[in-house]
Amino acid sequence: MKQAIYAALVVGMVIGAAPALADIASKAVGLKRVKQAMVAPPRVPEHSQIAKGGPVIVEVQLVTHERELVIDSLGTSIQALTFEGSVPGPLIVVHQNDYVELTLVNPKESIMSHNIDLHAVTGALGGGDLTLVHPGQKVTIRFKATKVGVFVYHCAPGGPMIPYHVVQGMNGAIMVLPRDGLKDGDGKPLVYDRAYYIGEQDFYVPRGADGKYKKFNSPAAAMPETLEVMKTNEPSHVVFNGAVGALTGENSLTAKVGESVLFIHSQANRDTRPHLIGGHGDYVWPSGSFNDAPKTNLETWFIAGGSAGAALYTFQQPGLYVYLNHNLIDALLKGAAAHVKVEGEWNNNLLELVEKAGPIE
Ligand code: CU
């Protein structure tokens, strides 16, 4: 039986597990429909924090896009596999008990087959078993978002193609909010003024005999050597939002003193430990489960590979903050760092310079 399951995984099918089309989510019939436009991270789709009225069907479309992606300032590039062209793919935001009607489109220009396994989905390998689309195909599933929290989604077309597609960028997250919004451990409402979606990504770029990163002209050509680097479990790059520096400089995140910011952070493959230099995690859901009371006042939190978490922080001081993976090697030698530029009034009561640096007398 075990062998049968493994074989099924490899070919992307589970014998007898797929429900008939007519049986899927029949209670969704007649519900109001809402289209959710996908936006590139770190932006998040427009949404209300508290659900207005009863459950709805949220229509979402994800188009797969195989593309060259420059991942550092040296011009190193990979043959990325993506949802909607970005790494990570767009954040989907719904409320508990909404239905998500997700259409996955694989354009005919693609050379690979793709699917989607959403960790928010119940059954059929998280939807992976129902959604395999070859180039030139599309598929639609509808699932009920029964569990609240933040969940990873990723491509999972079978066997070694699962980690290959994931580490070439094919992952994202879905946030399922409680219908009455986020709460602290005492049930008091927690509201955010803005939210950012940070997708952390490990890349495994092969090097040539000269020690330089190799360039390939298709995801198929890159695969054999990339798989060899992947087996070492030593990423060449660990980045936020697809490239070293994607969220620094003019692409820094922004906020104002007094604003509460929700940092949604996913890592589809590898453990990570976010930290906000100069700030804290006021309220943190490290595993992303909004049903659990958030942990409070954390310095660093842990997000297990294959999951997403969220942290809420109210900025108290203006200036530059660094949001990073506090594996400092991953952050500063491999790229997993973002900047947050915060405007506002400085509060000397929280921190002040008493005497400037000068010679010891
Ligand atoms: Cu894929």
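This is a predicted model: local features need pLDDT of at least 70, side-chain atom pairs count only at pLDDT 80 or more; totals for chains, interfaces and linings use all residues.
The chain is divided into domain 1, which covers residues 31–179, and domain 2, which covers residues 194–343. The centres of domain 1 and domain 2, taken over C-alpha atoms, are separated by 19 Å, and the contact between the two draws 39 residues from domain 1 and 44 residues from domain 2. On the side of domain 1 that touches domain 2, the elements giving two or more residues are β2, β3, β8 (149–154), α2 and β9 (171–177). The residues of this side of domain 1 divide into 26 nonpolar, 11 polar and 2 charged.

From here the reader can turn to helix α3, which spans residues 219–231. This helix has 13 residues and reaches 17 Å from its first C-alpha to its last, a span close to the 18 Å expected at 1.5 Å a residue. Along the way α3 has a kink of about 40°, and the kink is centred on E225. Just after α3 comes N233, a residue that takes a positive phi of about 60°.

Which residues of α3 are buried? They are P219, A222, T226 and M230, and what covers these buried residues includes the strands β2 (57–70) and β3 (77–83) together with the helix α2 (161–167).

Notes
Residues are numbered from 1 along each chain as its sequence is written. Helices (H or I, at least four residues) and strands (E, at least two) are DSSP runs, numbered from the N terminus. The expected span of a helix is 1.5 Å times one less than its number of residues. The bend at a residue is the angle between axes fitted to the seven residues ending there and the seven starting there. A residue is buried if 20 or more other C-beta atoms lie within 10 Å of its own, exposed if 12 or fewer, and partly exposed in between; C-beta atoms are placed from the backbone. Two residues are in contact if their C-beta atoms, placed from the backbone, lie within 7 Å. Domain bounds come from an automatic or database domain assignment. Ala, Val, Leu, Ile, Met, Phe, Trp, Tyr, Cys and Pro count as nonpolar, Asp, Glu, Lys and Arg as charged, and the others, Gly among them, as polar.
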